Amino acid sequence: MQVFDPANEFTRSLAKVLVHEDGYSNHPKDPGGATMRGVTQRVYDEYRRSKNIPTQSVKLISDAELQAIYRRKYWDEIKGDKLPPGISYVVFDGAVNSGVAQSVKWLQRALQAMGLYQGGIDGNLGQGTLLALSGVNDNDSLISRILDRRMAFLRALKTWKTFGKGWTARVNGVRAVGQAWASGSVGPEVQYIVGGDAKALISDAKPAPVLAVADATTGGGIGSGTLAGTLQQVQDQLTPLSYSSELIGKVVAGLIVTGAVLTVGGLGYRWYANRRKAERLDALDLQVTTDAQATA
């Protein structure tokens, strides 16, 4: 078993992150846009402006600039020097891939699930989160919970079909290394997998299911042109005539059956849509709002 000096955590963590980030990329579906070794053009421009020096292509980023950006924008923001070995790397890699706030939310949700954190899921790694972290006696389990939250988030993105394979390989590598470091061992080497370097941002979340179809088939807005309203109006107009015509009677009966089928189907879809909505909001670490809360 090898014991690592905490002062070296940033250096070795960054080395692993850079393997996953590889070189230059500018995939049209990657929300990060032009990116060099994990640093986007936007982030590089912000850094250069903060130094009062002209902006330039991120392809030209120097090793010194790269180190400074990763240290200031990610490592220091997650308070990496205050996090235990392994956990600091896991949170750091998540911050690089999906933003600091999102990665900290995964940590907070994991601590919450372990009964150690009672604060808000706000993405702010403050004293409450650090205090909860000090109560963890199984860092391997915490790392698994963090990365399970991360995978749920990734699956909730529109770009999952494009980058899911790469993201999965990346997270699996982060899990293996993080748990090894948490236990004091060296851990495996990680490999670059195409797609694993694509930025995974909440702005690319899949849209929530639309309830308009359920509203139309369950009577929502009757009289305002919805399908349910139209069927009801036709039925009301034909019912008085059904007593004098067998054909109209059959039409009315058909409308009743159709309306019932649509209502049941609409209610079923509403249940499904609300369930999917709740799952989506949970995966994205957003507040889950029920129909009752939304109309309160």
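Analyst: Buried means under 20% relative accessible area, exposed means over 50%, and partly exposed is what lies in between. The model discussed here is predicted.

User: What makes K79 count as partly exposed?

Analyst: K79 has 27% relative accessibility. K79 lies in the loop between α3 (63-75) and α4 (87-98).

User: What is the phi of K79, and what makes it worth a remark?

Analyst: Phi of K79 is about 55 degrees, a positive value, and K79 is not a glycine. Most residues other than glycine have a negative phi.

User: Which other residue has a positive phi without being glycine?

Analyst: D22, with phi near 60 degrees. D22 sits in the loop between α1 (9-21) and β1 (24-25).

User: Why is D22 called neither buried nor exposed?

Analyst: D22 has a relative accessibility of 39%. Buried needs a value under 20%, and exposed needs one over 50%.

User: How do you know which class P84 belongs to, by its relative accessibility?

Analyst: P84 has 23% relative accessibility. Because that is not under the 20% cut-off for buried, nor over 50%, P84 counts as partly exposed. Like K79, P84 lies in the loop between α3 and α4.

User: Which residues does P84 touch, leaving out those up to four places away in sequence?

Analyst: P84 touches L133 and N139. P84 and L133 are 49 residues apart along the chain, yet their C-alpha atoms are separated by 8.8 Å.

User: Why is T40 called buried?

Analyst: The relative accessible area of T40 is 8%. The cut-off for buried is under 20%, so T40 is buried. T40 lies in strand β3 (residues 39-40). Beyond its neighbours within four places in sequence, T40 is in contact with G32, A34, T35, V58 and K199.

User: Why is α2 described as roughly perpendicular to α3?

Analyst: The axes of α2 (residues 41-50) and α3 cross at roughly 95 degrees and come within 11 Å. Angles of 65 to 115 degrees count as roughly perpendicular, so the label applies to α2 and α3.

User: Which residues of α2 and α3 meet?

Analyst: From α2 they are V43, Y44, E46, Y47, R48 and S50. From α3 they are E65, A68, I69, R72, K73 and Y74.

User: How do you know that the span of helix α7 agrees with what it should be?

Analyst: Helix α7 (residues 139-155) has 17 residues.

User: Which residues of α7 are buried, and what lies at its start?

Analyst: L142, I143, I146, L147, R149, R150, M151, F153 and L154 are buried. At the start of α7, a side-chain oxygen of D138 comes to within 3.3 Å of the backbone nitrogen of D140.

User: What are the totals for the protein?

Analyst: The protein has 12 helices and 3 strands. Of its 296 residues, 42% are buried. It exposes about 15000 Å², and carbon and sulfur atoms supply 56% of that.

Terms used:
Residues numbered from 1 in each chain as written. Predicted model: local features only at pLDDT ≥ 70, side-chain atom pairs only at ≥ 80, totals over all residues. Heavy atoms only, no water. Helix = DSSP H or I, 4+ residues; strand = E, 2+ residues; numbered from the N terminus. Expected span 1.5 Å × (residues − 1). Buried < 20%, exposed > 50% of the residue type's maximum accessible area, 1.4 Å probe, protein only. Polar contact = N/O pair within 3.5 Å; in protein donor to acceptor, adjacent residues only side chain to side chain. Contact = heavy atoms within 4.5 Å. Areas by Shrake-Rupley, 256 points an atom, 1.4 Å probe, with all protein chains shown as cover. Axes fitted to C-alpha atoms, helices over the stretch in contact; angles between N-to-C directions. Parallel < 35°, antiparallel > 145°, perpendicular 65-115°, else oblique.
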